[in-house]
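Hi,

Here is the structure I promised to pass on to you. Have a look at it first, and then read on for what I found in it.

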Amino acid sequence: MSAPGRPRIAYRRRASPLHATRGTVVGAYCAAISVAALMTEHPLLLGSLLATVLCAGAAAGDGPQLLRALRRSAIPLFALSVAVNLLVSRQGLTVFARLGDWGALGQVNLTLEALVCGAVFALRLLVVGLACVLAVCAADPDQLLGSFRRLSPRVALSATLALRLVPVLAADASRLAEAQRCRPGARGRSPGARERLAVLRATVAGALERSLDVAAVLEMRGYPSPRRAARKLGARSRHDLAFAASAGAIALAALACALDGVARFHAYPLVSAPLDPAVVALALALPAIALAPFLDRAGIEP
Amino acid sequence: MSILTFERVSYSYPGAAAPALRDVSLSVDPGEFCVVAGLSGSGKSTLLRAACGLVPHFHGGSFGGTVLTAGLDTRVHSPAEIGAHAGTLLSDPETQVVMASVRAEISFALENRGLAAAAVARSVEETALALGIADLLDRSTDELSGGELQRVALAGALAAGPELVLLDEPTSQLDPVAGDELIWQLRRLNQECDTAVVLVEQRLERCLGAADRVLAMSGGEVVCDRDPGGFLEWAAEHQPALQTPGARVFADAGLRPLPSGVKQARALLRREGLLHDAQELGAGQAGPARAGSGEAGSGEAGPGEAGPGVRRAPVRRRKGPRGSGEAGPVLQMRGVWHELRDGPAILRGVDLRLDGGEAVVLMGRNGAGKSTLLRHAGGLMSPTRGRVQLHGELALLLQNPGDLFVHERVRDEASLDALRELGLEALADRHPRDISGGQRQRLALAVVLGGERAPGAIALDEPTRGMDREAKRRLATWLSARAREGALVLVATHDCEFAVEFATRAVLLARGRVIADGHVGEVLGGGRYFTTESARILGGAAGAVRVEEAAALLRARREEASGVGSLPATGRLAEIDDLAGAGR
């Protein structure tokens with residue numbers, strides 16, 4: 001059984017402006033933050049975007065999920081990216097450690113520039129990854145699938161099946177693991193690699209049966225019907241408009257910044273990240289634009 | 001024109017040695033409420049799957065004959081097309097729900113059929129109101145309890161306003177309250193909207209009162225097709241395992257006709273002068289077991305405590321056969337709390353002392369904390385407050401016996417000695433998933449019991465799900481035998497009829513608290529939902545909760561009424577007590 005009370009990285013409707021926004025707009029909002037992170041290399045702007053996505057997650061009530069993702073995946077990935085770049089990059093002039101001859105890797109010197117370059121790359125990954133986690137936690141998957149279905153029914157069918165099976169199989173695996181703890185001799189000790197493998201094998205074996213059950217239900221509810229799904233009722237809410245405007249503004253700001261070349265950044269041969277007033281202004285403006293829609297808390301019941 | 005017609009339908013699953021359906025012919029009229037009965041493996045679920053088109057489209061195999069559902073030939077039309085006319089609900093709610101929110105789940109089928117948005121919205125609201133789930137509409141489906149999930153799945157099947165609803169054991173995972181509610185919602189739908197219902201159900205006592213007609217299946221054939229009364233007469237003669245407890249009480253007491261529900265049974269008894277309403281209403285409410293107590297009630301509180309002027313049935317209290325406690329308790333819980341982080345408390349200060357030789361049933365609604373309590377007993381969870389003390393080994397079998405099996409052969413799952421003890425040595429080379437439900441249950445028991453030392457306690461969580469009456473009876477006998485050998489038997493179940501077959505003590509939980517704890521006759525005899533059909537018929541008189549006890553009581557009353565009996569009623573009641581003791 002999974003530890004009770006642990007924040008699951010999954011959609012859950014909460015009382016927040018972001019959750020009161022339709023799924024497609026939430027997707028666009030998170031995509032805008034990701035695009036902005038991919039279009040800039042300046043560490044100050046990336047730091048600003050990281051703070052933005054964390055604050056947006058906290059304002060939406062999904063802070064624990066984001067922190068969990070940060071702790072479990074993002075930070076290890078960050079460390080790995082930095083370490084790999086540090087060991088592999090031969091560029092940079094400011095050597096801070098000489099590790100000698102590493103055989104196939106040759107002479108390994110660690111440089112400040114390689115460290116910064118790796119950190120910037122990892123920071124981009126971090127922002128994009130956390131924006132995706134925010135989208136998973138805040139975008140209603142049913143609305144997203146409904147939109148997808150109008151574009152491609154087959155893709156939507158596969159996505160629905162996969163989305164539904166993830167929690168079902170996770171629950172199966174959890175139950176199987178718990179049942180194994182009821183075997184004589186298994187109580188009071190953690191399962192070994194063999195037991196874990198047996199549980200994994202049984203879960204995979206059960207996946208086919210489970211997917212057949214879910215597919216049968218989809219079939220009986222007319223999912224493969226060739227009829228086009230009806231568009232949902234309802235005008236766009238104030239939150240839809242606010243977050244859509246925010247997403248557009250973030251994307252435009254990032255695009256303008258990239259085209260104008262304001263936020264210049266070079267890691268090699270020496271680190272260069274000039275702090276122009278425009279960059280500082282943008283670093284302050286991006287969170288303000290992104291977080292402004294959270295101030296309107298009207299009509300946000302879960 | 002019939003809404004559902006089977007014409008000489010035979011069907012075999014791919015690779016199966018024997019056909020699942022043999023030459024089945026039947027028809028269901030619009031607005032009919034039809035219950036399908038039968039032992040495990042009799043072909044009930046396959047019949048339903050053939051009606052909704054999953055057989056043969058989804059399962060393959062060899063199919064002969066014709067099935068017309070709402071006039072659509074299932075060989076020609078897909079399950080999706082048939083689904084527009086026939087809503088289907090299978091037994092596992094977890095795989096019946098496919099969307100993330102309740103509103104999206106109910107509107108799913110409607111949107112797929114291309115209904116206008118306004119029609120979808122209206123239908124969702126109306127269906128939710130009809131099934132009493134309007135307050136769930138904006139909830140996530142993964143937050144729902146089993147009962148809520150089943151009702152949401154039913155709403156999904158009903159939203160499109162089908163002319164026919166096909167249901168495969170929809171109450172198997174529900175507590176008695178939720179199960180009864182679901183059946184009555186179906187009856188209401190049937191009466192108010194003229195929707196035909198075909199319901200496969202193991203606990204017939206729950207639904208026969210609502211049914212117009214019963215189909216009994218055996219070996220893939222329809223062997224009986226009659227009204228509920230006619231079916232009960234047929235079952236009494238040909239397949240006693242399908243009889244409802246109420247019908248068995250009447251049959252054993254020599255009364256006719258056999259009743260299909262509590263209301264009919266009470267009316268018949270009243271007519272015969274065998275029901276003393278004022279007396280038994282009081283008896284049913286009397287003798288509350290010790291509430292919230294850690295120590296089990298001794299059964300001394302009696303029905304004689306009711307108001308003045310009410311004549312009580314002279315009840316001799318059975319002394320609880322629980323262990324004397326000389327050797328100390330096998331399992332003791334002291335102030336056990338289980339509180340979720342950022343969530344509610346599942347157990348709230350549970351005090352419980354369970355001795356060797358006791359057969360204890362743990363009851364309560366879905367979410368009352370039964371499974372959590374068993375997990376604490378088995379050491380799978382630790383209390384956030386309080387203490388759990390277990391003396392000796394406890395063999396814990398969780399809800400799905402199949403979860404224990406991770407090997408390819410039965411012999412690899414448990415030792416040969418354990419297999420032999422449970423009569424499974426002949427199956428040693430079979431795959432665990434290829435054996436029947438009852439055999440699977442026994443194999444799971446063999447796995448958890450297969451340690452070096454015999455466990456001092458056996459705990460089972462909902463062991464009767466999907467079991468037919470015969471398999472339940474065998475399991476109850478086995479559990480009683482283990483208790484007689486001195487083991488503590490602790491079983492969480494919603495099945496009151498099964499509970500009274502083995503248990504000597506009942507513990508009722510509500511919202512994580514023990515609200516009643518005492519002799520099974522007291523706790524279950526005084527209830528409305530958490531009680532047996534026999535007790536409901538007799539209003540809990542004389543603490544008669546088992547069929548044999550209720551039948552003996554009725555025989556005594558008949559003899560008393562006709563002045564034939566050699567024993568006075570009190571003597572008969574002593575006989576009932578002896579009977580109860582022997583059965584346990």
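Let me start with a question: in which sense do strand β13 (residues 359–364) of chain B and strand β17 (residues 488–492) of chain B pair, and over how many bridges? They pair in the parallel sense, over four bridges. Helices (H or I, at least four residues) and strands (E, at least two) are DSSP runs, numbered from the N terminus, and two strands pair if DSSP finds at least two bridges between them.

Before going further, please note that this is a predicted model, in which local features need pLDDT of at least 70 and side-chain atom pairs count only at pLDDT 80 or more, while totals for chains, interfaces and linings use all residues. Residues are numbered from 1 along each chain as its sequence is written, chains are lettered from A and ligands numbered from 1 in the order in which they are written, and side-chain values use heavy atoms, with hydrogens and water left out.

A salt bridge here is a side-chain nitrogen of Lys or Arg within 4 Å of a carboxyl oxygen of Asp or Glu.

**A buried strand**

Strand β7 (residues 164–168) of chain B has five of its five residues buried, so the rest of the structure largely encloses it. Buried means under 20% relative accessible area, exposed over 50%, and partly exposed in between (1.4 Å probe, protein chains only). From β7(B), B:L164, B:L166 and B:D168 point one way, and B:V165 and B:L167 the other. Strand β6 (residues 86–89) of chain B runs parallel to β7(B), joined by four bridges, and β7(B) also pairs in the parallel sense with strand β8 (residues 196–200) of chain B, over five bridges.

**B:R213 and its two partners**

The structure holds 39 salt bridges over all chains. In one of them the side chains of B:E32 and B:R213 meet (3.1 Å, N to O), and both residues are buried. B:R213 also meets B:D225 in a salt bridge (2.8 Å, N to O). B:R213 has a relative accessible area of 11%, whereas B:D225 is partly exposed at 38%.

**Chain A**

Chain A has nine helices and two strands. Of its 302 residues, 41% count as buried. One residue to look at is A:V88, in helix α3 of chain A, which is exposed with a relative accessible area of 53%.

Enjoy exploring it!
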